[in-house]
Amino acid sequence: MPVAVYTDGWWAATVTEPLLKVEGLNKRFGAVVASRNLSLDILQGETHALIGPNGAGKSTALAQLAGALRPDAGRIEFAGRDITVLPGHRRARLGLARSFQVTSIFDAFSVEDNVALAAQAHDGHSFRFWLPARRDRRLRRQARSLLARLGLLPQAEVCAGTLAHGEKRQLEVAMALAGRPRLLMLDEPMAGMGSGGTLRMTRLIRELKREVTILLVEHDMDAVFALADRVSVLVYGECIATGTPEQIRRDPLVRRAYLGQG
Amino acid sequence: MVSATRERRILWVTLLLLTTLPGFAQLLGEPYLVSLFSRILIYGLAAASLDLMLGYGGMVSFGHAAFFGIGAYVVAILAFHSAEGSAVPLLGLAGTESALLAWPAAALAAGLAAALIGAVCLRTGGIQFIMITLAFAQMLFYLFVSLSAYGGEDGLSMWDRSRLAGLDLGDDTVFYYVCLTLLVAFLVLARRLVNARFGMVIQGARQNEARMQALGFPIYRYKLVCFALAGTGAGLAGALIANQTEFVSPGLMHWTRSGQILVMVILGGMGTLFGPVLGAAALLLMEEVLSMYTEYWMVYLGPMLILVVLFARRGVYGWLVGGDRD
Ligand SMILES: Nc1ncnc2c1ncn2[C@@H]1O[C@H](COP(=O)(O)OP(=O)(O)O)[C@@H](O)[C@H]1O
Ligand SMILES: [Mg+2]
């Protein structure tokens with residue numbers, strides 16, 4: 001398939017190097033090609049949406065960027081540094097944070113514990129054996145301010161496993177934010193949220209846009225077009241178009257391959 | 001959530017009972033109880049150390065007795081060379097009967113072995129992890145069976161218990177209190193550890209490894225240290241059991257022993273540290289009582305375990321503190 005890359009628009013004027021540079025990523029699972037020559041630039045400060053039909057390879061792409069999956073071929077650069085083979089935990093320490101499509105939290109911990117543990121990951125090593133972590137002022141303060149921001153403070157003491165689905169999604173985002181990441185990757189944060197939850201999450205992401213670069217995988221087209229500065233469209237593991245929401249909406253290829261279907 | 005005051009009350013009552021036990025044994029004219037309960041404390045220590053990695057770290061080891069056995073053998077071998085006046089092979093050091101040297105050496109050796117074995121085992125997970133820990137323990141078992149210099153499968157007797165300045169460890173009551181002190185010290189340290197930052201990391205790794213990695217924790221390292229610390233605790237318990245029976249044999253590291261320690265943890269309540277001590281007491285006392293009536297006491301143990309797993313998921317401890325609701 002031909003690849004359309006639009007070069008006008010506000011980002012073309014930004015001369016900054018991309019924060020994340022993906023080149024020729026390939027990943028197969030047996031006969032399934034989940035990433036096919038995937039190239040992508042995420043610019044500093046932008047909110048970049050990754051859309052595409054189910055099974056297009058969005059989550060797999062995210063997993064490779066986060067270091068949970070090793071690509072078969074290709075190169076990933078983050079802030080000018082080659083991170084293609086860097087383990088996931090090292091990438092997280094560099095400021096690459098993610099949330100998962102299938103909610104991934106610590107069910108047996110309290111909500112506050114979940115976020116405090118996320119903050120702990122960015123506060124030096126954890127070979128500390130004596131002082132009670134739950135009375136660590138620094139971690140708790142960070143956790144509480146993030147919970148307050150996400151409206152989860154009333155549930156701070158609640159066991160995370162008992163939260164409602166939408167609250168768990170919010171908790172995921174709070175955890176991803178804990179290290180003050182440079183790139184926030186969100187995998188369908190509104191999935192299964194209902195209209196109220198989607199609205200709240202949209203508002204939150206709009207607020208976050210101002211302070212962090214975001215790579216947003218999302219199905220909800222209204223949300224994507226409302227939030228994204230640029231959109232990339234993935235079909236069968238391949239990026240068929242990148243451009244402003246307006247350009248993507250008008251792109252005949254995209255309409256045929258994706259938007260037209262839905 | 002578990003009631004903290006009730007939990008604390010149970011701890012203090014148990015401690016009080018254990019502290020006064022030798023007195024009661026004397027009143028009852030049953031001095032045998034003192035050595036039975038020494039065994040319970042020692043196995044309680046081994047079980048609590050396994051709980052550190054199993055209940056908190058989610059690492060199901062079926063080879064914990066290996067480290068128990070190593071600790072026991074270190075004490076017995078050092079005592080053997082001390083009595084013989086010969087040097088310990090490979091190390092070239094003289095043997096010793098001093099508890100202050102031999103017991104830390106036992107714990108250290110077991111911890112080191114755990115670090116090496118853990119480094120390999122932790123590359124795997126799930127059932128594989130269970131099988132490979134079992135395999136390593138059986139390898140060590142056969143290694144000690146083949147060590148004829150130290151008695152091979154017949155084991156090795158000690159002339160005497162270790163020497164500890166100012167204390168007569170040969171006296172069962174004194175030895176009992178030494179075991180109790182070490183167990184309490186271990187439990188206190190372990191309790192601090194699981195609630196410290198390190199403990200949060202290993203508990204996080206039990207619940208959700210992928211999330212831990214994504215947050216930025218190199219969890220392999222933390223699990224390895226946890227594994228090594230659990231091995232260290234088991235090694236100390238081993239040093240004590242060698243002294244208690246004044247005899248060591250490869251049977252100490254047989255897979256059935258690993259299974260027994262595992263059962264103590266499950267029976268007492270995983271992830272409670274103190275529960276496994278109760279589990280050790282329950283199992284050893286049951287064994288003691290049932291074996292008076294039948295040599296097939298194991299047959300009764302199985303159904304009992306199934307009942308515990310079904311109806312008291314946090315074991316004896318959960319049942320006592322009433323925190324069996326999760
Ligand atoms: N671990 C895996 N093993 C085998 N196939 C996988 C695995 N993960 C994803 N896939 C396949 O790769 C393709 C892309 O999946 P995914 O990245 O989850 O798509 P999306 O997130 O865009 O819906 C799908 O066909 C899926 O079945
Ligand atoms: Mg997906």
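How many salt bridges does the structure hold over all chains?

Analyst: This is a predicted model, in which local features need pLDDT of at least 70 and side-chain atom pairs count only at pLDDT 80 or more, while totals for chains, interfaces and linings use all residues. Residues are numbered from 1 along each chain as its sequence is written, chains are lettered from A and ligands numbered from 1 in the order in which they are written, and side-chain values use heavy atoms, with hydrogens and water left out.

Over all chains, the structure holds 23 salt bridges, a salt bridge being a side-chain nitrogen of Lys or Arg within 4 Å of a carboxyl oxygen of Asp or Glu. One of them pairs Arg140(A) with Glu112(A), whose closest N and O atoms are 3.4 Å apart. This pair links distant parts of the chain, since Arg140(A) belongs to helix α5 (residues 137-149) of chain A and Glu112(A) to helix α4 of chain A, 28 residues apart; helices here are DSSP runs of H or I with at least four residues, strands are runs of E with at least two, and both are numbered from the N terminus. Arg140(A) and Glu112(A) are both buried, where buried means under 20% relative accessible area, exposed over 50% and partly exposed in between, with a 1.4 Å probe and protein chains only. The two residues also take part in a network of salt bridges that links Glu112(A), Asp113(A), Arg134(A), Arg140(A), Arg144(A) and Glu157(A).

Other salt bridges cross between chains: the interface of chain A and chain B has 3 of them by this rule. In that interface, 35 residues of chain A are in contact with 27 residues of chain B, contact meaning heavy atoms within 4.5 Å. Arg197(B) forms a salt bridge with Asp136(A), and their closest N and O atoms are 2.7 Å apart. Because Arg197(B) lies in helix α7 (residues 197-207) of chain B and Asp136(A) in the loop between α4 and α5 of chain A, the pair joins two chains. Arg197(B) is buried, at a relative accessible area of 3%.

Arg250(A) is exposed, with a relative accessible area of 55%, whereas Glu246(A) is partly exposed, at 39%.
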